[in-house]
Amino acid sequence: MIEVKNVCYEYSPDEPSLGAAVEDINLTVEDNHFYSLIGHTGSGKTTLIQLMSGLLKPTAGEIYIDGINICDKKIKTRDLTRKIGVVFQYPEYQLFEDTVFSDVAFGPKNLGCDEAEIKNRVQKALKTVGLDESYYEISPFELSGGQKRRVAIAGTIAMEPDILVLDEPTAGLDPAGRDEILSEVKRLKDERGISVIMVSHSMEDVAKVADRVIVMNKGHIAMTGTLSEVFSKSDELYSMGLEIPQISKVILKLRENNVNIKSEIYTVKDAVTEISKLLKG
Ligand SMILES: Nc1ncnc2c1ncn2[C@@H]1O[C@H](COP(=O)(O)OP(=O)(O)OP(=O)(O)O)[C@@H](O)[C@H]1O
Ligand SMILES: [Mg+2]
């Protein structure tokens, strides 16, 4: 569990005119949930996940993971990476080893795992992201953009963190690639009972996988709640430059036209189920 208490972060504390990137952040991330972190560009999403993963130290406030204050200087990076793993935006640019296998092995090696454990973790992680043994000895630089992204994600998964954070993991991928990565991460979450925090600009992606949503606006937390709680406040979301999924807009229009369909529909799959019921009814 992560507890963020009264956290503030300024990139340039010496220049107060620039203001804080995030301010008054109070947030609890519970175990075994899929969170989506949404918000307009520049609202502070990346800053917040860097704070939660210990890469930035708050200018004010405290952050606890499983009751441990991660800002405490005595905390070892290695202990922190076991708890929380981050996949940054466009992580494929950070691949650097000669082979896919050694790239994914880098994290578990640094955690001090033995050879057998490293192999086991690399195999599991690559399987999770849909890359079989034929990729192990290939140079990551010979792969497609989408495959590189998978290798980078596997590198973090192989550290087997309790909380997996992904900053826009589907950005720049084609629709099939997006859906595959989303369902792989969702499956990993369900199988291992970990928590996931996914930064996303796509409300369609959010609706497919998240059960909780955190909304940021201008450096503050504007809303938190279940997917339905947040998506039911479409006017508030609009006012922050955000939208609800396209299909939910169609459903709202149908309701305005006196079609008797429930409003909590956020995915095409659910819409098909509900519309079929109406047609059969
Ligand atoms: N390295 C940096 N140095 C100075 N200011 C920064 C730095 N990184 C971000 N900021 C500022 O902090 C604020 C929050 O930025 P952040 O990158 O956290 O937003 P974001 O919600 O992740 O945006 P996006 O959706 O575009 O990725 C912005 O005003 C941004 O200009
Ligand atoms: Mg960002």
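Okay, let's start at the ligand: Thr41 puts a polar side-chain atom 2.5 Å from an oxygen atom of ligand 1. I'm calling that a polar contact, a pair of N or O atoms within 3.5 Å; within protein, one has to be able to donate a hydrogen and the other to accept it, and residues adjacent in sequence count only if both atoms are side-chain atoms.

Quick housekeeping. This is a predicted model, where local features need pLDDT of at least 70 and side-chain atom pairs count only at pLDDT 80 or more, while totals for chains, interfaces and linings use all residues. Residues are numbered from 1 along each chain as its sequence is written, chains are lettered from A and ligands numbered from 1 in the order in which they are written, and side-chain values use heavy atoms, with hydrogens and water left out.

Back to the ligand. His201 brings a polar side-chain atom to 2.9 Å from an oxygen atom of ligand 1, and Ser43 has a polar backbone atom 3.2 Å from a ligand oxygen. On its own, ligand 1 exposes 630 Å², and the protein buries 57% of that; these areas are Shrake-Rupley, 1.4 Å probe, and for residues only the protein chains shown count as cover.

So what does the shell around ligand 1 look like, residue by residue? You've got Tyr11, Ala21, the run His40, Thr41, Gly42, Ser43, Gly44, Lys45, Thr46 and Thr47, and then His201, using a heavy atom within 4 Å as the criterion. By type, that's 2 nonpolar, 8 polar and 1 charged.

Now Lys45, which sits in helix H1, residues 45-52. Helices here are DSSP runs of H or I, at least four residues, and strands are E runs of at least two, numbered from the N terminus. Is Lys45 buried or exposed? Buried, because its relative accessibility is 6% and the cut-off is under 20%, with exposed being over 50% and partly exposed in between (1.4 Å probe, protein chains only). Its side chain reaches the backbone oxygen of Gly39 at 2.9 Å, and a polar atom of that Lys45 side chain is 3.2 Å from the backbone oxygen of His40. Beyond four places in sequence, Lys45 also contacts, among others, Val199, His201 and Met216, where contact means heavy atoms within 4.5 Å.

The side chain of Ser200 reaches the backbone nitrogen of Ser202 at 3.0 Å.

On to packing. The largest nonpolar core has 52 residues, with Leu126, Leu164, Val215, Phe231 and Leu237 touching the most other members. A core here is a set of buried Ala, Val, Leu, Ile, Met, Phe, Trp, Tyr and Cys residues joined through side-chain atoms within 4.5 Å. Helix H5, residues 145-157, gives the most to this core, with 5 residues. There's a second, separate core of 28 residues, including Tyr35 and Ile163.

Most residues other than glycine have a negative phi. Glu160, though, has a positive phi of about 50 degrees, in the loop between H5 and strand S7 (163-167). Asn258 has one of about 65 degrees, and Asn258 is exposed at 72%.

How values were computed:
Ala, Val, Leu, Ile, Met, Phe, Trp, Tyr, Cys and Pro count as nonpolar, Asp, Glu, Lys and Arg as charged, and the others, Gly among them, as polar.
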